Amino acid sequence: MLTISACRILRSIMQCRVAGCRVLGAALLLAVPGIALPETAMHEYYLDNGLKLVVKQDCRAPVVATQVWYRVGGSYEPNGLTGISHALEHMMFKGTEAYPGNEFSRLISLNGGNDNAFTSSDYTAYHQQLANDRLELSFRLEADRMRGLVLDANEFEREIEVIKEERRWRVDDDPNSYTYEAALATTYQVNAYRNPVIGWMADLENMAIDDLRQWYRRWYTPSNATVVVVGDVEPEQVRALAESHFGPVPSDQSAPKPWLSSEPPQLGVRRLTLKLPAKLPYLVMTFKVPSLVSAHIHKEVPEWQPYALMVLAELLGGGESSRLQDRLVRGAQLAASVYVGYNSLARLQTSLVFAATPAHGRSNAELETALLNETRILHDELVDKAELEKIKTQLIADEIYERDSVYVQALLIGQTDSVGLPLTVLDEFISRVKTVTTEQVREVARTYLQQDQLTVAVLDPQPLPPARQPKPPRPAGRVH
Amino acid sequence: MLLTQSASATPEIQHWVTDEGMDVYLVETSELPIIDIRIVVDAGYARDDDVPGLATMTGELLDQGAAGKSAQEIAYGFDANGARYSTQVSYDYTVLSLRSLLEYFAPALDNLIDVAGAPEFEVAALNRVRRHLLVDIEARDQDPGALAQYHFYRALYGVHPYGSPAEGEQESVTAIDQDAVQKFYRRHYTADGARLVMVGALGREQANQVAARLSTALPAGAAPPPLPEVGDTGLNGARELSFYHPSAQTHILIGHLGIRVNEPRRLALYVGNHVLGGGGMVNRLFDEVREQRGLAYSVYSYFLPRYERGPFIAGMQTRSDQAQEAIQLLKSELERMREEGPTEAELEQAKSNITGGFPLRIDSNAELANYLVWLSYHRMPLDYMHTFQERIRAVSLEDVQAAFRAHLYPGRLLTVTVGSSAASQAID
């Protein structure tokens, strides 16, 4: 298992989900002798102001994961305002009237908690992990900053510089990340997934505090938020606590309507090249595919298709025995590492993504040919039953392992809910995966893994100047 | 305000030693049908000696062919049973890590025993892994952060093996042959000196059997000798190294030699560093560098205690024209901390965060298993977790001040920068 190279290459991929949908299920189809799985019921509540609350018990440790999810992210942003949801996420830690400055973080920290947040294309989430008797603190603070954020101009002036440094660190100075960002911007012409969550640098340079104030007022409202709590808690007690803290938060509007940026059909392959100072080539290939939202909510495709796609992604890239590991990394030795991603929980039309580093001395072109050949095999040949069963076992096992983490369980609930899917999707995951047939896998391969739907981005490495150490300016600089 | 902590139960650890000398640590949990196994061997890349990359190569080859099975057969054997296997090569030790469902534990365990006990290091696989490492080595050169780490450790440690990069060097990796890997494996993967951690849905009797099987499968022979000490080599005075890289940011690492895991002042330094640059988003460096001046997204400090003396590092990345200002700021914060120590309020905040957050560090089987890897390798007492919060609470302001005076040397810093800042462009 190549932990070093895989980690370094994967760290640059920000938005993709790992192959398959790691979700929860109430009905586990493996017989598990001797151990009954804990109750997996999710309790859903709505407050009068439209806030949604989901509570799930996990009593193995006296801890709680508590998360507030806002239905806004990179894919909600118009051109010119890219990065604003992420910038707002940063500003949420800059204080309210009641808790100025960094009081939020200081109080959580004082109470032994972890706290952080993340912005993605489809949502923004604020999460803490605390001892289970500290949940009240989280609710009090989150309810306060849901509508009470100060958004000071001076603070923003400093924080936007921090965000620019973040962009430089994550993208501009990382050739693979930079390539991946360009690949998405080419894959989609209209679909707002084309824009990076962190925002284009030009938009960060132009961003103004008033933009943030408007963005905050529009999207941060109880009717556009879900609170998710997983841990050693009593659902009814959590509901009462939520009622008392979040209940009074005013919601002066119904949930804002999210913007659906529909992509016109792609009618032929797209290619781009990035010439960047780097040592290694890198290849990103995307095929446009539907998500669970396309199937379940918009009824654009049959409901079985996203599950067949999850199986397809896992077949190709899930685990050390996957086809690409077996054939491209080990067999033909064309790839040093390869990654396959499919975000089945995407709000908009999404992509099946391949990202790979050619093996030592091999080229992007060779690797692309080999990857396309694997897609052709999937058009022509049915996956055999044993391999299909292996994939299903892998996906089911992942589901069980996820129950070891309160954070991951809460994350899955938030991700599912924030794109408008019912939580029954989580319950059904295992049974749906189990019904995927080899014919269905072949059919989605034939429908979606076609050249006319393909975008290819290659990093063509340009010479790096040698990192020579200069002479120290003063002769007395070194002592041995 | 120090918040009292309810007495949270820490897991009960059962410990025994197998006939071959392997230490076993078991925590039984029954709520989930999962078993986590970690085999910890004294085969970290600090054991590379003069062949950087040897430990990593050996670790990565284990599951690429064993007991007559090919890499694909081994991988299939794990995946088809819903198991996840990985080898992690760290500086002091290497961990063979298995997560398995209870239901399919038997075949997953058989596979693990083959990987741990009968790896073949077949030449074709060796050449393939070699090529992967060569890619990793090249990847370093396009990553200013990785370059900064690389140069920092080389400069700090000189010839001590802690100065070596995990993935090795082009020359050394190119020369590694089957013989070298086999010798390394037989010397460092011995049952004597290994630790076995098991967490999950298995009882003592079954655990005994698992331990016995793994113990007899691993190579026989004496445990490897201790690592060479890190003397006070290298830094009697401050030293600055700058490397040009065409990146928008300059990566900065400053530091010096730090402490061993068995250093008596380790916890005092841990608490003190929490105030300085370790405590999440509540610490001095975060406040001064990021919040007040917007100079960096990531800024931190830490003591990294290892079996032998690990480093003390403070680091950040910033737009290159700000690099000098950033370095001065980091240095002055280190000086300030050494001179004045933390305030009483800062100390209480840090202690409260550490003690209150402790249960979160072991609230899942996976995290508990990983914590036990560290405990087992360093032979911490079995009640370590039980007494941890108490020992943190007992750290006083004087303890922290004394610890910093003994172990923080702002006047003897190694400063490494990688980026396009002006200083590094003064090339001869």
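Between chain B and chain A, 32 residue pairs are in polar contact, counting pairs in which both residues have a pLDDT of 80 or more; the model is a predicted one. Helix H4 of chain B, residues 123–140, provides nine residues to the side of chain B that touches chain A, the largest share. The interface of chain B and chain A also holds six salt bridges. Glu159(A) and Arg290(B) form a salt bridge, and their closest N and O atoms lie 3.5 Å apart.

The extent of this interface can be given in residues and in area. Chain B brings 92 residues to the contact, and chain A brings 90 residues. Together the two chains bury about 8,100 Å² between them, and carbon and sulfur atoms give 56% of that area. On the side of chain B, Arg131(B), Gln142(B) and Tyr297(B) supply 9% of the area buried against chain A, more than any other three residues.

The interior comes next. In soluble globular proteins, nonpolar side chains tend to be buried together. In this model the largest nonpolar core comprises 75 residues. Ile37(B), Ile39(B), Met57(B), Leu196(B), Met198(B) and Leu214(B) have the most contacts inside that core. The partners of Leu214(B), leaving aside neighbours within four places in sequence, are Met22(B), Ile37(B), Ile39(B), Leu112(B), Ile113(B) and Leu196(B). Another core, of 71 residues, lies apart from the largest one and includes Val54(A), Leu315(A), Ala370(A) and Leu411(A).

Chain A may now be considered as a whole. Its secondary structure consists of 17 helices and eleven strands. Of the 480 residues in chain A, 62% are buried. Among the contacts in chain A with a separation of 6 or more, 83% join residues 24 or more positions apart. The accessible surface of chain A is about 17,100 Å², and 52% of this surface belongs to carbon and sulfur atoms.

Where in chain A does Gly420(A) lie? Gly420(A) is found in the loop between helix H15 (406–418) and helix H16 (424–434). Is Gly420(A) buried, partly exposed or exposed? Its relative accessibility is 45%, so Gly420(A) counts as partly exposed, since that class lies between the limits of 20% for buried and 50% for exposed residues. Val329(A) is 91 residues away from Gly420(A) along the chain, and the C-alpha atoms of the two residues are separated by 38 Å.

Technical notes. Residues numbered from 1 in each chain as written. Chains lettered and ligands numbered in written order. Predicted model: local features only at pLDDT ≥ 70, side-chain atom pairs only at ≥ 80, totals over all residues. Heavy atoms only, no water. Helix = DSSP H or I, 4+ residues; strand = E, 2+ residues; numbered from the N terminus. Buried < 20%, exposed > 50% of the residue type's maximum accessible area, 1.4 Å probe, protein only. Contact = heavy atoms within 4.5 Å. Areas by Shrake-Rupley, 256 points an atom, 1.4 Å probe, with all protein chains shown as cover. Core = buried A, V, L, I, M, F, W, Y, C linked by side-chain atoms within 4.5 Å. Buried area = accessible area lost by both parts, 1.4 Å probe. Salt bridge = Lys/Arg side-chain N within 4 Å of Asp/Glu carboxyl O. Polar contact = N/O pair within 3.5 Å; in protein donor to acceptor, adjacent residues only side chain to side chain.
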